[in-house]
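Reader: I would like to go through a model step by step. Please keep the terms plain.

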Amino acid sequence: TAAPSTTFANQWFYETDTNLLQIRNEDNDAYITIAELDQSNDTVEYFKSDSIRTALIEFTDGDDAITIADGGACTFGVGVTITTADNTDTLTLTSTDADASSGPNLRLYRNSSSPADSDILGVLEYEGRNDNSEDIKYVQLTSFADDVSDGTEDGSYFITTSVGGTLRNRINVRPTEVVVNEESIDSDFRVESNSNTKLLVADAG
């Protein structure tokens, strides 16, 4: 459909050939594209904007799946997957604050309504494929809330790696001790100095 021959400021126009929803600008000398509609599925294909100025924008199916607040804060109601097809940084956290405080900060928050001793607070997993195209957990970092009592909270941190196809605890940092090789696998413990590759050796035998 051709654009109307007579136009005025803030006039809406829908281009059926391109499915573009447009509005005339205030000077009445150009159209601003608002969105592209998907007529086949009765949905909005995308919204077009260089900047969005609103107190709150919600993309939702009735359950607040995504909210973008004024200032850019985003809340997702479901899991998020970020995918790249090359070796670029998949996620970058940047802080431009010039003071001496910490930043950027990554917070893993277990917001439990009924916290209990030994709760797992979070897990970081490093996964990849083996030569049989199977997804394998090669390294796992796990944190625990050993004691959630107010004023006497304790936490633990476990470092686990795959050994012979099975995840094994390699270093466990507990409230009262640091344990190396708690699962008693055949793995030596070796400390090097500046000139001695075997300054301290514990042979697992």
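Author: Eight bridges join E9 to strand E10 (residues 154–163), and the two run antiparallel. Strands are DSSP runs (E, at least two residues), numbered from the N terminus as are helices (H or I, at least four), and two strands pair if DSSP finds at least two bridges between them. The model is predicted, with local features needing pLDDT of at least 70, side-chain atom pairs counting only at pLDDT 80 or more, and totals for chains, interfaces and linings using all residues. Residues are numbered from 1 along each chain as its sequence is written, and side-chain values use heavy atoms, without hydrogens and water.

Reader: In E10, what is the bridge partner of Thr 142?

Author: E9 and E10 form a hairpin with six residues between them. Across it, Thr 142 is bridged to a residue of E10, Phe 158.

Reader: How many bridges join strand E8 to strand E9?

Author: E8 covers residues 119–129 and E9 covers residues 135–147. In this pairing, Glu 125 stands opposite Gln 140 in E9. The strands run antiparallel, and the number of bridges is ten.

Reader: Why does Asn 25 count as buried?

Author: Asn 25 lies in the loop between strand E2 (20–24) and strand E3 (31–38). Buried means under 20% relative accessible area, exposed over 50%, and partly exposed in between (1.4 Å probe, protein chains only). Asn 25 counts as buried because its relative accessibility is 16%.

Reader: Which residues is Asn 25 in contact with, leaving aside its neighbours within four places in sequence?

Author: Contact means heavy atoms within 4.5 Å. With those neighbours left aside, the residues are Ala 9, Asn 10, Ala 30 and Ile 32.
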